[in-house]
Each structure stands twice: as structure tokens, then as C-alpha cells.
Amino acid sequence: MKKGIILTLGVGVVFALTTIGCGTKYASMNQEQITAKADSIYTAQSEAKMAELKAACESSLDAQVNAKVEAMKAAATVTN
């Protein structure tokens, strides 16, 4: 019973000591830093979203063109 308690306390102490040194300390940001951070996040996300939308538009356009070409080929084959 004593060994279990001592072992649990030992593991807890080791865990506490290893996690105390991890991570960065909190530093408050001023309004300019908050605005700059928000702008950088917005810019990064908007560029990624714009690229995604352009790719979807281009693939949709390609699919529509290919479908129209195939329809015209089929119509030409039927008339011949």
C-alpha cells in the first residue's frame, strides 16, 4: 500500500517537473499586435480560399466544356 502511494506521488512529481518547463510564457499583446495578427490570419485564409475557389471554378469549367464536346461528337455521329 505504501509503495503504491509513494510510486503515485513520485510519478506525479516527475510529471509536474517535466511539464513546468514546457511551453512558452504568456505575454499579453497590445492592440497593434492583435490587429497585425488578425490581418495576417485573414490574409492567409483568404488567399487559400481564393485559390480553392479558382481551382473549383476551373475544374467545373473544364467538365462543362468536355461534356459539351462529347455531346457535339455524339450529335455529329448520329447525323452521319
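**A quick look at this predicted model**

Lys49 counts as partly exposed, at 43% relative accessibility (partly exposed sits between buried, under 20% relative accessible area, and exposed, over 50%, with a 1.4 Å probe and protein chains only). This is a predicted model, where local features need pLDDT of at least 70, side-chain atom pairs count only at pLDDT 80 or more, and totals for chains, interfaces and linings use all residues. Residues are numbered from 1 along each chain as its sequence is written, and side-chain values use heavy atoms, leaving out hydrogens and water.

**Overall picture**
- You'll find two helices and zero strands here (DSSP runs numbered from the N terminus: H or I of at least four residues for helices, E of at least two for strands).
- Of the protein's 80 residues, 0% count as buried.
- Carbon and sulfur atoms hold 67% of the accessible surface, which comes to about 7,500 Å² (Shrake-Rupley method, 1.4 Å probe; for residues, only the protein chains shown count as cover).

**Salt bridges**
- There are two of them in the structure (a side-chain nitrogen of Lys or Arg within 4 Å of a carboxyl oxygen of Asp or Glu).
- Lys49 pairs up with Glu52 at 3.7 Å, N to O; both sit in helix α2, three residues apart, about one turn of the helix.
- Glu70 and Lys73 make a salt bridge at 3.9 Å between the closest N and O atoms, and they too lie in helix α2, three residues apart.
- Glu52 is partly exposed at 48% relative accessible area.

**Nonpolar patch**
- Leu61, Val65 and Val69 make a nonpolar surface patch of about 230 Å² (patch residues have over 30% relative accessible area and no salt bridge; like charges are joined within 9 Å, nonpolar side chains, meaning Val, Leu, Ile, Met, Phe, Trp and Tyr, within 5 Å).
- Leu61 belongs to helix α2, residues 31–79.
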